[in-house]
Amino acid sequence: MDKNRRLLLAVRALGILGAAVLFVAKDPYVSLMEALTVHDTVYGDTYRDVKLTPFRIRLPDPVGPPLLQSVPGTTASYRLFITGDSYLPENRGHEPFVRLLSTALREPVFFASITPSDPACLFRDEAPGSEAGRGRVVVVERAERYVSQFAAMQPCRPIVAPPQGARLVAEKLFQQLFEQDTEERLRYFLLNSVFTAPLVEAWNTQLYLRFGILPDLSPVVSKDPPYLFARLETDPALATSFYTAHDDALIAKIADGLERTARTLRTDYGAELIFVPIPNKFTLYHGLVRNDRYDDYLPRLYKELGRRGIHYVDLYRPFMASKESVYWPTDTHWNGHGVALALDAVVRAVQDARKR
Amino acid sequence: MLFNSLHFLVFFSIVLAAYYSVAHRFRWMLLLLASCYFYMVFIPKYILILFALILIDYTAGLLIEGSAGTRRRTMLVVSLVANIGMLAFYKYFNFLNDNLTALLSMLHLANPATDLNILLPIGLSFHTFQSMSYTIEVYRGNQRAERHLGFYAVYVLFFPQLVAGPIERPQNLLHQFRQEAFFDYARVTDGLKLMLWGFFKKVVIADRLTVLVDRVYSAPGAHNGSELALATYFFAFQIYCDFSGYSDIAIGAAQTLGIGLMNNFNRPYFSKNVSEFWKRWHISLSTWFKDYLYIPLGGNRTGRARWCFNLFVTFLVSGLWHGANWTYLLWGAIHGSYLIFAIATRDFRERIARWTRLESHPELRKLFQVFVTFHLVAFAWIAFRARSISDAVLVVRRIFDFAAWRAPADLGLGRGEIVLALASIAFMEAVHLLERRRNIRHMLKDKPAAVRGLVYAGMILSILFFGKFTSHSFIYFQF
């Protein structure tokens, strides 16, 4: 076979591969992507990006089937709801928080990840006022680095549903073709697909071991004990970082957003809001890298929420006080100990909210 | 979509494979669909603007060719007004309105018009100029009007050069879509190598330098002269690598599809004077202004005063083309002034060269001229990069306040990164030096396969190792 034919074959093969990757990455129902990835989290994991020898931790196998619920119109049969991302059922292989909570309170839990939309979007398919007085509780979890989003919550995003009719199919197709998130989806696929994740992991690991280069997601590492911290939390240029000041005006805006949501949930859907901000890993353990001053944002937020009568769970104090690490060393998510501490606090908060 | 993105890599691999799999008579449709998709990924509805301009210019071209006298001219004017009008509306309305507001407020009057909340369609400045060159060339009789709407649409929308050039001429580009391009190993691989070089310049050099430049120029008051000088030098290379990198990717991508685009850069920082710089920098734009503005104004075939006026106006307009800000006008004015000064002092400079004996040392003289020209251009880049005239003035004052210079610190780039940036620039300029006599890709063709493999693998690895992949768009996309 001459050079021309060989290269032409290679070009065609690459084209077909590219089309396949694009199809999987742009799959509107995400099911194909889920089936082919080694992660279920939207970000991919720090751990996945760099698997370092000193950090390698044997993870327990995931327990039980997922409790993910995102079927529209079924909220009426539940009394306990969770929305957020750190509660994801398959999160890092530990006992799913949602299952533990369900077991502790002896009731089913409705979970839907609708962030960064308004938590009231959970009930978008219910008529307001139809479920008053049912003693419902909505636990809203948010990582500390994203809490400021409550200052300006986004409107409800559509829950993915099968298209109906030619027009809807055409609209869906148009949306999928030109949605702005193609690059993010392709990047996620590259980092997390079963085909490429081992290669990416090996590449990034060798980059770090040989040259000390960490990928952009994880630019900071403490040596002893060995911990990785994500750029999201450590880069002073990013609004999500530990270094971003949360002044009183911002705290008030966040509290305003939560107060509005709490009021909507109570009056329209008979539900009590419990807000659970999760302290960032760098907030808790920045001392391993540098002893930089923290602006006490979470305690000030708790105080403001308490003043307005909004239920919240203080995880900052128990996490800070814990002698045992609450995070995986190479991950942005809690470990089993973090889950246990949070579970204890949330169970008590739900029971208290119901008593009132 | 950006060239430096996974989306483009996937898109391009699909388009390239499909291009050489469909029959030649369907290729224009494929290119048209691909180009529409490429553009619509930015903001889908803005494709309607291009469709409107395509229809207007296509029709105008046919009517110009089929008419005579006043009607011909009228059709040309319609085309120019449509294109310039679109450009003025989207790009300059708010700038003009803000200046009108400022002027009226000086007279204690209020401006009833408010700023428009619209996004500039990406690449508007480029494809409108390309469209205008078509109707002008048809009017001048240098180009036959295109009868096939599809081919004309591909001429305007051709994705490699749609959003940031090179700004092509119809004589060069239009007929190529009719010629069947057979898959050729040498041509395709050469195109891919050119794209590789473009990616190197963009993600290894330009996107690395942007961290420091953005940090310093976003707050010039917080930096001393040495930091501002360093940022200015880095910006000179950032904008070159960014824009020439884009052009290389565009030209390389087109080449793989069998389409030849014009060269847009020719080692501009090796120019011996500013006039030569403009023959080597953004060649497609400078020749556009030369052919359609400078020469119609009279060019240099007039008296000296008028010649200088023609030059100055051309560069003012060129500055304005780059953006709706007084800083771009200032940048254009600086370059116009350079050229006028060069004209006015030509004899004097020749005398100085004779007196200093530089004339008898041509290599030394050339080195001196390149050094001076680079610094003149770098000085002008201050106005181009600064956010405002006052920022530009501040930067200049601090750079020339040598007494206040301190060692650079806190520039957003660690020492290792700065060393890497300098080494990459040195490597790039070394390649440019080698290319004085012959294109380096052609030089490599004669080398053994092992050497070629090493070079290409090294380039790919350096992009993977040292590339910055945090999605910085190309500077010239904003124009």
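Visitor: Why is Arg348(A) called partly exposed?

Guide: In this predicted model, Arg348(A) has a relative accessibility of 45%, and because partly exposed covers the range between the buried limit of 20% and the exposed limit of 50%, Arg348(A) counts as partly exposed.

Visitor: What makes the contact of Arg348(A) with Asp344(A) a salt bridge?

Guide: The closest N and O atoms of Arg348(A) and Asp344(A) are 3.1 Å apart, and a side-chain nitrogen of Arg within 4 Å of a carboxyl oxygen of Asp is what the term requires, so the pair qualifies as a salt bridge. Asp344(A), with a relative accessible area of 43%, is partly exposed.

Visitor: How do you know that Arg348(A) and Asp344(A) are separated by about one helical turn?

Guide: Both residues belong to helix H13 of chain A, residues 336-355, and they are 4 residues apart there, which means a separation of about one helical turn.

Visitor: What makes Glu146(B) and Arg178(B) a salt bridge?

Guide: Their side chains meet at 2.7 Å, N to O, and because the limit is 4 Å, the pair is a salt bridge. Glu146(B) lies in the loop between helix H5 (124-140) and helix H6 (149-157) of chain B, while Arg178(B) lies in the loop between helix H8 (170-173) and helix H9 (185-217) of chain B, so the pair ties together parts that are 32 residues apart in sequence.

Visitor: Why is Glu146(B) called buried, and why is Arg178(B) called partly exposed?

Guide: Glu146(B) has a relative accessibility of 6%, and since buried means under 20%, Glu146(B) counts as buried. Arg178(B) has a relative accessibility of 42%, which lies between the limits of 20% and 50%, and Arg178(B) therefore counts as partly exposed.

Visitor: What makes Asp207(B) and Lys202(B) a salt bridge, and are these residues buried or exposed?

Guide: The side chains of Asp207(B) and Lys202(B) meet at 2.9 Å, N to O, a distance to be set against the limit of 4 Å, and the contact is a salt bridge. Asp207(B) is buried, and so is Lys202(B). Elsewhere, salt bridges that share partners join Asp256(A), Glu259(A), Glu304(A), Arg307(A) and Arg308(A) into one network.

Visitor: How many salt bridges does this rule give over all chains?

Guide: The count over all chains comes to 28 salt bridges.

Visitor: Why is Arg106(A) called exposed, whereas His282(B) is called buried?

Guide: Arg106(A) has a relative accessible area of 78%, and because exposed means over 50%, Arg106(A) is exposed. His282(B) stands at 0% relative accessibility, and because buried means under 20%, His282(B) counts as buried.

Visitor: What is the phi of Arg106(A), and what is the phi of His282(B)?

Guide: Phi of Arg106(A) is near 55°, a positive value in a residue other than glycine, and Arg106(A) sits in the loop between helix H4 (97-105) and strand E2 (110-111) of chain A. Phi of His282(B) is near 40°, again positive in a residue other than glycine, and His282(B) sits in the loop between H11 and H12 of chain B.

Visitor: Which helix supplies the largest share of the lining of the second largest pocket?

Guide: The largest share, 8 residues, comes from H12(B). The pocket has a volume of about 1,400 Å³ and is lined by 43 residues, including Asn273(B) and Val274(B), which are among those nearest its centre. The lining divides into 22 nonpolar, 13 polar and 8 charged residues.

Key: Residues numbered from 1 in each chain as written. Chains lettered and ligands numbered in written order. Predicted model: local features only at pLDDT ≥ 70, side-chain atom pairs only at ≥ 80, totals over all residues. Heavy atoms only, no water. Helix = DSSP H or I, 4+ residues; strand = E, 2+ residues; numbered from the N terminus. Buried < 20%, exposed > 50% of the residue type's maximum accessible area, 1.4 Å probe, protein only. 1 Å grid on protein atoms, 1.4 Å probe; cavity = no way out; pocket = protein on both sides within 12 Å on 5 of 7 lines; lining within 4 Å. Points joined across faces, edges and corners; volume = space filled by probe spheres on them. Nonpolar A, V, L, I, M, F, W, Y, C, P; charged D, E, K, R; others polar.
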